[in-house]
Amino acid sequence: MDYLNDLIERYPSLEVCRKDIQDAFDSLAYNYAIGGKLLIAGNGGSAADAQHIVAELMKSVVRERPIDVKYADVLKMVDPDMGTVLARTLQGSLPAIALSSHASLNTAFANDCNPDLIFAQQVFGYGGDKDVFLAISTSGNSKNILYAAVAAKAKGLRVIALTGKTGGRLASLADICIKVPETETYKVQELHLPVYHCLCLMLEEHFFNNK
């Protein structure tokens with residue numbers, strides 16, 4: 001299915017984002033193909049979006065994602081009973097981590113060091129040059145997201161930003177910036193969801209189409 005065209009048909013205002021959405025998909029597909037992972041950060045509703053994206057990438061959205069046959073055989077060798085259940089139930093995954101989910105680490109670093117750097121610390125710890133950092137900020141000016149983007153660029157990660165109409169300061173730090181055409185926070189977030197759903201569906205089709 002052509003998920004990008006379907007997205008634009010349902011949300012015509014996102015036509016202005018078409019190229020950036022396609023570029024974001026191409027970048028993610030490349031980095032996943034070379035063994036990379038996706039790190040995602042956002043605040044408030046965007047933190048919930050980060051976790052939502054992880055859920056869509058780490059398990060099936062609309063397609064079946066059977067695991068590799070060789071791994072299924074090894075599972076059964078390790079334990080025939082449990083291995084059979086695992087082989088039948090586990091789903092193919094595209095590795096993704098929501099940096100907002102780590103309450104103990106984030107509160108410890110905020111308390112002991114600097115609350116603006118909670119995501120930068122995780123990008124530094126988790127990130128490698130095969131990875132992508134997805135920075136979500138409706139304004140494009142969230143301090144902790146900006147610091148994380150700088151940390152990501154310095155470690156060689158590709159930076160994809162998901163913002164509102166202006167892109168804010170984040171746009172200048174991102175390799176790709178998807179600027180949905182709204183400025184009010186709730187309206188920006190209403191458009192972020194179909195955009196990242198589209199990206200997740202495109203990635204699922206790309207990696208699991210023939211399995």
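This is a predicted model: local features need pLDDT of at least 70, side-chain atom pairs count only at pLDDT 80 or more; totals for chains, interfaces and linings use all residues.
Reader: Why is the pair of Y32 and F207 called edge-to-face?
Author: Rings of Phe, Tyr and Trp (its six-membered ring) pair if their centres lie within 6.5 Å; planes under 30 degrees apart are stacked, over 60 edge-to-face, and the rest tilted. The centres of the Y32 and F207 rings are 6.2 Å apart and the planes stand at 85°, so the pair is edge-to-face. By this rule the count is one aromatic pair. It links distant parts of the chain, with Y32 in helix α2 (residues 18-33) and F207 in helix α10, 175 residues apart. Helices here are DSSP runs (H or I, at least four residues), as are strands (E, at least two), numbered from the N terminus.

Reader: Is Y32 buried or exposed, and what is F207?
Author: Buried means under 20% relative accessible area, exposed over 50%, and partly exposed in between (1.4 Å probe, protein chains only). Y32 has 9%, so Y32 is buried. F207 has 21%, so F207 counts as partly exposed.

Reader: What makes S27 buried, and which residues does S27 touch?
Author: S27, in helix α2, has 7% relative accessibility and therefore counts as buried. Leaving out residues up to four places away in sequence, S27 touches V132, R158, I160 and I176; contact means heavy atoms within 4.5 Å.

Reader: How do you know that T163 is buried?
Author: The relative accessible area of T163 is 0%, so T163 is buried. T163 belongs to strand β4 (residues 158-163). Residues up to four places away aside, its contacts include S137, L170, C177, V188 and H192.

Reader: Why is M58 called partly exposed?
Author: M58 has a relative accessible area of 35%, and is therefore partly exposed. M58 lies in helix α3 (residues 45-58). The C-alpha atoms of M58 and G92 are separated by 7.3 Å, though the two are 34 residues apart along the chain. Not counting residues up to four places away in sequence, M58 touches R65, G92, S93, L94, P95 and A96.

Reader: What makes a set of residues a nonpolar core, and which members of the largest one touch the most others?
Author: Such a core is a set of buried Ala, Val, Leu, Ile, Met, Phe, Trp, Tyr and Cys residues joined through side-chain atoms within 4.5 Å. The largest has 40 residues, of which L38, I40, I53 and L57 touch the most other members. Helix α10 (residues 185-208) gives the largest share, 11 residues. Neighbours within four places in sequence aside, I53 is in contact with L38, I40, L134, I136, Y196 and C200. Another core lies apart, with 22 residues, among them L39, A41, I118 and A152.

Reader: At what angle do α6 and α7 cross?
Author: The axes of α6 (residues 103-112) and α7 (residues 118-126) come within 9 Å and cross at roughly 115°. Axes are lines fitted to C-alpha atoms, for helices over the stretch in contact, and angles run from 0 to 180 degrees between N-to-C directions. The contact is made by L105, N106, F109 and A110 of α6 and I118, F119, Q121 and Q122 of α7.

Terms used. Residues are numbered from 1 along each chain as its sequence is written. Side-chain values use heavy atoms; hydrogens and water are left out.
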